[in-house]
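Biologist: Can you walk me through this one? I'd like to start with the strands.

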Amino acid sequence: MKKIWVIIRKEWAEVFRNKIVLFTVIGVPLLFSIIPIALIGSLQGATDLDGLQNELGMGLEAIQQLCGPLQGVDCGQYLLLQQFMILFLMMPAIIPVTIAAYSIVGEKNTRTLEPLLATPIGTEQLLAGKALAAVIPAVLACFGSFFIFVGGANLLASSPAVAAQLFSPLWLLGIFLVGPLLSLTGVSLAVMISSRVTEPRAAEQLTALLVLPVTALFMGQLFGLLVVDQTFMLWIAAGLILVDATLLYFAVQLFQRETILTRWK
Amino acid sequence: MKPVLDTRRISIFLAITFGIAWLTALVVYLTGGTVDSPVLFTVAGTSVSLALVLIATVYMWSPAIANILTRTITREGWKDSGLRLPLGERRWWTWALAWVLPAALTLLGALLYFLVFPQHYDPELLGFKAMVDAAIEAQGQQPIPLDIWTLLLVQLGQGVLLSPIVNSLFAFGEEFGWRAYLQDKLMPLGFRKAMLLLGAIWGVWHAPVIAMGHNYGFGYPGAPWTGILAMTWFSIAAGVIFGWLTLRGRSVWPAVIAHGAINGIAGINVLFLHPEAQPNPLLGPLPVGIIAALPWTLLAAYLFWRSDKDAADVSRETNPPPTRKPTRGTMIAAENLSKQFDTVTAVDGLDVEIPAGEVFGLLGPNGAGKTTTIRMLSALIAPSRGHAWVAGHHIGEEDALIRKDVGILTETPGMYEQLSAQRNLSFFAELYEVPRVDKQVERYLRMLGLWGRRNDPVGTFSKGMRQKLAIARALLHEPKVLFLDEPTSGLDPEASRMVREFISDLKAEGRTIILSTHNLDEADRLCDRIAVLRGRLLALDTPTNLRRELFGRSVVFHLAKAKATFAKALARLPFVHEVEAVDNKLVVKLDDPEKRNPQLVAELVGLGAQIQFVGEMRQSLEDVYLQLVEAGGTA
């Protein structure tokens with residue numbers, strides 16, 4: 001565990017000097033939390049529940065299930081905010097990819113991997129350190145932006161009950177369970193791809209494809225094709241646990257010291 | 001350390017195998033599947049359809065084609081083709097097992113199936129009788145004057161004795177791909193994982209033909225998915241047995257025989273089936289049914305359980321145990337140490353013993369195996385063959401301990417450029433679990449004159465400073481052995497001298513240092529002994545002895561004026577090998593100058609020569625090196 005922490009500290013010391021990484025970790029979450037708040041602010045009191053109902057193609061029963069105790073304008077505002085949950089799921093998937101991609105391919109470019117592998121550190125320790133160094137800031141940024149988002153909603157929404165509803169099990173599952181799991185998926189993919197490519201950008205771009213299924217969810221919800229509710233979140237979490245376990249296994253298997261040392265030029 | 005999984009070649013092989021097979025299946029499907037496939041011709045009353053031809057040839061041969069294409073595309077060569085016939089190696093029992101085991105397991109499976117479903121068993125063999133009668137009628141021949149049980153015994157005997165050979169042609173197409181190629185490539189995962197993965201891949205590869213009714217037909221519950229699963233199950237069990245035969249037989253041929261045998265005998269169980277029985281093909285009686293496959297599964301489980309012992313036996317045979325242990329006081333010992341990269345032998349049979357406190361030089365042209373040797377000895381890459389011990393730890397068994405005890409200066413001094421010198425060193429010190437990190441980092445930064453720049457990012461350092469920092473990194477944990485891979489490469493003369501002086505200081509401290517360099521003067525000055533490599537060890541000795549062995553010893557006489565008679569007179573002396581006159585100098589080659597020089601001086605003085613200086617002629621290490629490498633290259 002101590003060596004994993006050593007790796008994490010080194011990674012942070014190094015990657016946070018990179019402006020692109022810094023912007024991704026701080027700027028993106030800020031942007032994602034400000035946009036919905038600004039939208040609520042600009043639509044203050046003008047959220048039409050019937051209009052939203054038509055636009056989202058949702059039945060009244062489904063809406064009431066999502067809104068819980070909220071009624072009228074409150075429910076309309078909550079439904080609008082709810083559409084932004086996908087952004088909070090995208091965030092932990094996007095942010096660590098940039099960090100992880102730089103962290104493995106960066107070693108390759110600076111030729112530091114050979115001295116690093118010559119130390120008595122296990123492959124699992126090395127990859128765990130690198131993965132956690134990417135996951136922790138992403139998850140913390142996601143949590144941070146969620147609290148900014150809730151604070152903003154509390155100030156600008158039609159009633160404090162709207163912000164309180166953001167602490168419903170659906171949101172809590174999304175932010176505190178699915179988000180970190182998605183983050184791990186992104187990192188595992190980035191580690192796997194980084195072990196095979198020679199450019200951080202290539203690793204980043206390939207791993208960015210992970211955003212596609214999340215975007216598909218977003219679009220599906222937007223066009224009323226699916227309702228992201230509590231049960232749906234739990235299914236996604238269960239699926240992600242399986243996917244993450246598989247990806248982590250393959251990430252360790254694909255990180256072959258000898259191949260990396262002898263074929264990386 | 002585990003050998004490397006060659007994922008690139010595995011991916012290419014699988015893409016070709018599945019590409020060819022599944023495309024063939026698509027063609028079969030589009031032309032009527034296995035049921036309505038157009039008949040191409042008829043042999044002895046049996047129709048041969050397009051589906052049968054395509055599946056028996058292209059589909060079943062796709063793994064063999066993939067083997068050939070992958071080796072060709074990736075220029076792998078045929079060194080480990082798996083085709084060798086291990087005759088004379090007393091492996092006849094693997095061949096015998098391959099020949100009879102499938103029949104025994106299949107009949108045992110039939111016995112089990114009919115014990116579970118006794119109502120499906122036909123003691124009068126009515127189904128078989130009807131089949132024989134139909135065949136006789138179709139060919140317009142007379143009935144055979146044998147009872148049905150005798151006929152069954154003939155059929156069985158033929159199935160057991162001849163079918164392994166007859167069916168080998170088709171079985172070879174699969175085995176030459178799966179066992180001879182993919183199994184070998186998956187073995188770095190270990191026998192167990194390799195067998196499970198290979199069996200699963202093999203099973204899934206059958207999916208399209210199973211979906212088109214092969215082995216299980218169509219009407220079974222959950223078709224075709226349950227059929228694909230059952231086939232995968234059988235493939236894993238049979239794959240373990242075929243894989244074990246390949247491993248123990250050191251050749252793919254036993255697996256080919258066994259695969260041919262199962263193909264030939266598989267149908268025998270159906271002959272016992274009552275004509276009115278409606279068996280579930282997922283359960284039997286064909287050996288691909290779960291119940292009938294039970295003997296296969298149990299044997300596979302047993303082989304799986306004992307695979308560690310088999311793998312160890314094979315490993316011992318391919319890499320025999322060391323003949324001796326390193327002697328006391330030896331810091332590094334290598335015995336037959338070798339490394340193969342694909343078709344290239346980077347290091348071939350290196351034998352060396354390096355005592356503690358020695359500075360040992362590795363010389364050789366680019367690609368001679370110096371860096372590979374250092375990487376093997378520092379437990380960064382695994383040897384393909386042979387054994388080595390570093391600081392008392394066996395390579396391949398105690399790699400983590402070796403990494404703790406060695407320091408390595410890599411060919412390029414990779415540093416985290418955005419981090420300070422101090423942060424770079426403290427990071428590595430923490431990974432090496434150095435007790436007092438800050439003190440140790442400060443000690444080496446001061447020792448190498450970098451303390452003043454400790455907070456500057458390494459990206460701002462000169463090449464020499466980076467090299468010094470990399471040396472400090474290699475020394476932070478006070479290793480017992482220090483590997484220096486071209487420490488002065490690319491440095492200016494001043495920085496080179498500084499690094500050399502530092503190495504001299506380390507030598508004075510009694511550290512064991514392995515120095516790989518192209519700088520012959522550096523090796524001459526620093527090394528106690530030198531090994532000249534060119535894939536294999538060309539020479540190993542002290543620099544002085546290397547000179548003597550190659551060039552002998554020579555004495556140079558500087559004369560006030562040389563005359564031809566001087567050289568002739570000296571050449572006549574019995575202990576002189578050769579005399580060469582160059583300007584006013586005489587170069588005399590002889591064995592024992594300490595003893596003979598007074599005689600030579602007396603002879604020359606007697607001839608009236610005026611001797612100005614006398615000294616031993618010293619060949620440069622460059623001459624020695626070039627001679628050795630040229631001779632090694634032409635050997």
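Modeller: One definition to begin with. Two strands pair if DSSP finds at least two bridges between them. Also, keep in mind that this is a predicted model.

Biologist: Got it. What is the strand order in the open sheet of 6 strands in chain B?

Modeller: The order is 8-9-10-5-11-12. The pairing in this sheet is mixed.

Biologist: Which strands sit at the edges?

Modeller: Strand 8 (406-409) and strand 12 (536-541) of chain B. Each pairs on one side only.

Biologist: And what is the average twist from one strand to the next?

Modeller: It averages 15°.

Biologist: Back to strand 12 of chain B. How many bridges join it to strand 11?

Modeller: There are 5 bridges, and the two strands run antiparallel. Strand 11 of chain B covers residues 529-534. Take B:I530 as an example: its bridge partner in strand 12 of chain B is B:D541.

Biologist: Which helix packs on that sheet?

Modeller: Helix 19 of chain B, residues 493-508. It touches strand 5 (359-363), strand 9 (481-485) and strand 10 (512-516) of chain B. The direction of helix 19 makes about 150° with that of strand 10 of chain B.

Biologist: Now the open sheet of 4 strands in chain B. What is its order, and is the pairing antiparallel or parallel?

Modeller: The order is 4-3-6-7, with antiparallel pairing. Its edge strands are strand 4 (344-355) and strand 7 (393-394) of chain B.

Biologist: How many bridges hold strand 6 and strand 7 of chain B in their pairing?

Modeller: They pair over 2 bridges. Strand 6 of chain B spans residues 385-390. B:W389 has B:H394 as its bridge partner in strand 7 of chain B.

Biologist: Let's zoom out. How many helices and strands does chain B have?

Modeller: Chain B has 24 helices and 16 strands. Its length is 635 residues, and 41% of them count as buried.

Biologist: What share of the contacts in chain B with a separation of 6 or more comes from residues 24 or more positions apart?

Modeller: That share is 71%.

Biologist: New topic. How many residues of chain B are in contact with chain A?

Modeller: 28 residues of chain B, and they meet 23 residues of chain A. Helix 15 (399-405) and helix 16 (421-431) of chain B each supply at least two residues of that side of chain B. The largest share, 5 residues, comes from helix 16 of chain B.

Biologist: How do the residues on that side of chain B divide?

Modeller: They divide into 15 nonpolar, 6 polar and 7 charged.

How values were computed: Residues are numbered from 1 along each chain as its sequence is written. Chains are lettered from A and ligands numbered from 1 in the order in which they are written. This is a predicted model: local features need pLDDT of at least 70, side-chain atom pairs count only at pLDDT 80 or more; totals for chains, interfaces and linings use all residues. Two residues are in contact if their C-beta atoms, placed from the backbone, lie within 7 Å. Ala, Val, Leu, Ile, Met, Phe, Trp, Tyr, Cys and Pro count as nonpolar, Asp, Glu, Lys and Arg as charged, and the others, Gly among them, as polar. A residue is buried if 20 or more other C-beta atoms lie within 10 Å of its own, exposed if 12 or fewer, and partly exposed in between; C-beta atoms are placed from the backbone. Axes are lines fitted to C-alpha atoms, for helices over the stretch in contact, and angles run from 0 to 180 degrees between N-to-C directions.
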